[in-house]
Amino acid sequence: MGRVFNFSAGPAMLPLEVLEQVQKELLDYHGSGMSVMEMSHRGKVFDGIIKEAEKDFRELVGVPDNYSVLFLQGGGWTQFAEVPMNLTKNGTAAYIITGNWAKNAAKEAERYTKVVRVASSEDQNYSYIPDCSDLDIPDDADYVYICENNTIYGTEYFELPNTKGHELVADVSSCFLSRPIDVNRYGLFYGGVQKNVGPAGVTIVVVRNDLVRDDLPDYVPKMLRYQTQVEKNSLFNTPPAFGIYVCGLVFKWIKAQGGLAAMDQINREKAKIFYDALDESKLFQGTVRREDRSLMNAPFVTGDPDLDAAFVKEAEAEGLVSLKGHRSVGGMRASMYNAMPVEGIQKLVSFMQEFEAKHRV
Ligand SMILES: Cc1ncc(COP(=O)(O)O)c(C=O)c1O
């Protein structure tokens, strides 16, 4: 089998052009006589790679000078702890619970701060984004935390919460670089790169510099202090060098597509093709309130687990893989990150129509 359309929620597809460039440069990176995997992170060549990656990221996202960009390890789960460890001052934080990842983050934060859950969509299996225009946020909340795109449940914030002057912290793991973002609205945002941006192993954190402090409690490990990483430009210890290099290539690829505005347009086009087909179908149903449907992750079901399983199996034989839904929702989930071509969605939609014609009673 050649390359497939991979609808996995992550790790997910990378742009083919990027993989081909990695292949071309794998054994001898730019005349260095070695692979990026083999070179010292303290050497001149890698210094050029990480600096250029940061420069391209800043340009792409429009990161103002008073924010730091960090290339870290440990994934989302480490940030679930690192955020409260670093941002707790008053000892209270507000969390909006829109799915497993926000729930996990809140639970992890409780080790370090008092957590107040100011809104939740648990009452309807996280199938919508709660109204966040007038939340009861504690006056002393150090920050308001959201998971901006809910990978499992397929909901996405299209309007950020009114934080009433409190810092906004967002997990953007599954919508990273998928659309323009106004960095000034956030105190901090972070994402594991393994969905939209690169290979697993890199976490990018963007943090406003006045939130980077040196007066943290002694228990906070040196490695998990933003200040340590800011001071050393993400080179405090050995970084995930090869992953950072690949992320850098993806940044250039997105720039070549026309940047985040162009990415947004393509992603909206893909989502429209998919959701229009879903709305027309008599066999498949979406599981999310229409206005909150994620552009990145689309869960859908037939209502019959055996039919769902048959769909996933038959789709795989057509080169449409990893469509099985998360167990919390069941059915199917199509993840359509930046690197998923429009043709992948068209092929999925055609296959859904064929399947429906065969199985509709
Ligand atoms: C939105 C979101 N946040 C956090 C995580 C957890 O990330 P990690 O596996 O990198 O710790 C995931 C994983 O899929 C996710 O989708």
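Biologist: Which residue of strand 14 does Asn 297 stand opposite, and how should I read such a pairing?

Modeller: Asn 297 stands opposite Ser 335 in strand 14. Please keep in mind that this is a predicted model, in which local features need pLDDT of at least 70 and side-chain atom pairs count only at pLDDT 80 or more, whereas totals for chains, interfaces and linings use all residues. Residues are numbered from 1 along each chain as its sequence is written, and side-chain values use heavy atoms, with hydrogens and water left out. Helices (H or I, at least four residues) and strands (E, at least two) are DSSP runs numbered from the N terminus, and two strands pair if DSSP finds at least two bridges between them. Here strand 12 (residues 297-301) and strand 14 pair in the antiparallel sense over four bridges.

Biologist: What is the strand order of the open sheet of three strands, and which strands stand at its edges?

Modeller: The order is 11-12-14, and the pairing is antiparallel. Strand 11 (285-286) and strand 14 (332-335) are the edge strands, each with a single partner, so one side of each is left without a neighbour in the sheet. Helix 7 (residues 259-280) packs on this sheet and touches strand 11, strand 12 and strand 14, where contact means heavy atoms within 4.5 Å. The direction of helix 7 makes about 15° with that of strand 12; axes are lines fitted to C-alpha atoms, for helices over the stretch in contact, and angles run from 0 to 180 degrees between N-to-C directions.

Biologist: How do I read the open sheet of seven strands, and what is its order?

Modeller: The order is 2-10-9-8-5-3-4, with mixed pairing. At the edges stand strand 2 (67-72) and strand 4 (114-120), and because each has a single partner strand, one side of each is left without a neighbour in the sheet. On average, neighbouring strands of this sheet are turned by 15° against each other, direction ignored. One of the pairs is that of strand 8 (residues 167-171) with strand 9 (residues 188-192), which is parallel and runs over three bridges, and within it Val 169 stands opposite Leu 188 in strand 9. Helix 2 (residues 44-61) packs on the sheet, where it touches strand 2, strand 9 and strand 10 (203-208), and its direction makes about 130° with that of strand 2.

Biologist: At what angle do helix 1 and helix 6 pack, and which residues meet there?

Modeller: Helix 1 (residues 16-25) and helix 6 (residues 241-257) pack at an angle of about 130°, with their axes 10 Å apart. That makes helix 1 oblique to helix 6, since angles under 35 degrees count as roughly parallel, over 145 as roughly antiparallel, 65 to 115 as roughly perpendicular and the rest as oblique. The crossing is right-handed; a crossing is left-handed if the near helix is turned anticlockwise from the far one by less than a right angle, and right-handed if clockwise. Helix 1 brings Glu 17, Val 18, Gln 21, Val 22 and Glu 25 to meet Phe 242, Tyr 245, Val 246, Leu 249, Val 250 and Trp 253 of helix 6. By class, this contact has eight nonpolar, one polar and two charged residues (Ala, Val, Leu, Ile, Met, Phe, Trp, Tyr, Cys and Pro count as nonpolar, Asp, Glu, Lys and Arg as charged, and the others, Gly among them, as polar).

Biologist: How do helix 7 and helix 9 cross, and how do helix 3 and helix 4?

Modeller: The axes of helix 7 and helix 9 (residues 342-359) come within 10 Å and cross at roughly 0°, and these two helices are therefore roughly parallel to each other. Among the residues that meet are Ile 266, Ile 273 and Phe 274 in helix 7 and Ile 345, Val 349 and Met 352 in helix 9; by class, the contact has ten nonpolar, two polar and two charged residues. The axes of helix 3 (residues 75-87) and helix 4 (residues 100-109) come within 8 Å and cross at roughly 45°, so helix 3 and helix 4 are oblique to each other. Their crossing is right-handed. Trp 77, Phe 80, Ala 81 and Pro 84 of helix 3 make this contact with Trp 101, Asn 104, Ala 105, Glu 108 and Ala 109 of helix 4, and the residues divide into seven nonpolar, one polar and one charged.

Biologist: How far apart do the C-alpha centres of domain 1 and domain 2 lie?

Modeller: Domain bounds come from an automatic or database domain assignment, which for this protein chain gives domain 1 (22-256) and domain 2 (259-359). Their C-alpha centres lie 27 Å apart, and the contact takes 29 residues from domain 1 and 24 residues from domain 2.
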